[in-house]
Amino acid sequence: MIPYSYRDNRLFCEETDLAEVARQYGTPAYVYSKAGITGNYARIDAAFAAAPHLVCYALKANANPALLKMMAELGAGADVVSGGELAQALQAGFPAQRIVFASVGKTDAEIRFAIRSGILALNVESREELEVTARLAAEMGMTAPIALRINPDIDIEGHPYLTTGKSANKFGIALEEARAAYLWAAEQNSLKIVGVHCHIGSMIKKSDPYHRMAETLAAFVADLGKAGIRFEHVDLGGGLGVDYTKVLGEQGSPWFMEPEEMAAQVIPVLQPLGCEILLEPGRSIVGPNGVLLSQVLYRKETKGKKFLVVDAAMSDLIRPSLYGAYHAILPLQAGGVEPETVDVVGAICESGDFLAKDRELERLQRGDYLAVMTAGAYGYTLTSNYNARPRPVEVLIDGATHSVIRDREPSLF
Ligand SMILES: Cc1ncc(COP(=O)(O)O)c(C=O)c1O
């Protein structure tokens, strides 16, 4: 379900008129749908109901404390990639036993924090990190629960920055090396092998890469089983792709592939292993359920180009600048005005500061509001204070009610 729709030409999220939200809290503002987020989590969770499983929400997509608390209360686990995110997950109420921690560059302090916290698994990304983890755990007189992150050299055929499971990427350990590393780990008193991990990238559009990953991991687990190594879980990572062109309820599902289709591809392959299946979705839960509201400051025309200068910028949403990512832009009040082709840009002193290029939009004027759609994932978490701009306010919609879930950062002037 997508929680946005036009009613009498006004853009609504659930039962709330977004123009009202923009007027009340100001812009730029991130606005999220509670029903949308909880609904997407529940849908992914239900898709895997046929197998023992745990959905570990990836905090990097959106770590607003109120949203994390919501997710923890639903019974989700958490996928974290830094000591900071681990602290955020624990503060939000995720039980340590439901938290997994991947990072190619964990510091000694982060490894110690994870061991001390009693998390479910440290997803270890290199042989050297494995050896350091064993040594640190031994020094602490504790046992570190580990899974190796396998790099299966599978191409998701997506943006190079979003591909993580090719051997040219910095992530994970090659299969050949992982076997020897597990055999070594099995001999260390300070390590407990709990699982095996894989995350091959974000914005996966087809079920085939998941199927291949599941087959690779199943063969690996079976092979190591013969060497006496037992796994409690197989972690398939996140990556379920979101279709950024689908932004209104009437357009149907926001995903390229339904969670049930992914489940159908992997459960039959993994079930014979008798392991719990872990998933780490981020974007697919929150992405389609957030928008960035902004207001037009100026119209501007140069030779052959029209610009709409708005009060949101790359410091508020960097995806267009960083990945050339597409985000649909909709007016909060659709007036049936003639469309025009514009670049939607922010105030930052970079020509790379844009939200849309050569976009056909209804003609908007100074003071009009617009929504940058599908901004719930990798939006606020990638914000910055570049050009001394305060981070935007975050608002949660619940039916016809709305409340601030993180204040706008104070202005410096
Ligand atoms: C280890 C790991 N797990 C999960 C995710 C979440 O991916 P997505 O938001 O595409 O579901 C990421 C994102 O990069 C990741 O690096």
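**The ligand site and selected local features**

The structure is a predicted model, in which local features need pLDDT of at least 70 and side-chain atom pairs count only at pLDDT 80 or more, while totals for chains, interfaces and linings use all residues. Residues are numbered from 1 along each chain as its sequence is written, and side-chain values use heavy atoms, with hydrogens and water left out.

Some atom pairs at the ligand can be picked out. A polar side-chain atom of glutamate 280 is 2.6 Å from a nitrogen atom of the ligand, and an N or O atom in the side chain of aspartate 79 lies 3.0 Å from a ligand nitrogen atom. Arginine 283 takes part through its backbone: one of its backbone N or O atoms is 2.8 Å from an oxygen atom of the ligand. On its own the ligand has 390 Å² of accessible area, of which the protein covers 91% (areas come from the Shrake-Rupley method with a 1.4 Å probe; for residues, only the protein chains shown count as cover).

Next comes lysine 106, in the loop between S7 and H5 (helices, H or I with at least four residues, and strands, E with at least two, are DSSP runs numbered from the N terminus). Lysine 106 is buried, with a relative accessible area of 10%; buried means under 20%, exposed over 50%, and partly exposed in between, using a 1.4 Å probe and protein chains only. What does the side chain of lysine 106 make a polar contact with? The partner is the side chain of glutamate 129, at 2.5 Å. A polar contact is a pair of N or O atoms within 3.5 Å; within protein, one must be able to donate a hydrogen and the other to accept it, and residues adjacent in sequence count only if both atoms are side-chain atoms. A polar atom of the lysine 106 side chain also lies 3.1 Å from the backbone oxygen of serine 103.

Two residues have a positive phi although they are not glycines: methionine 203, at about 65°, and threonine 374, at about 50°. Methionine 203 sits in the loop between strand S11 (191-197) and helix H8 (208-226) and is buried at 15% relative accessible area. Threonine 374 belongs to the loop between strands S19 (369-372) and S20 (393-398), and its 3% relative accessibility counts as buried.
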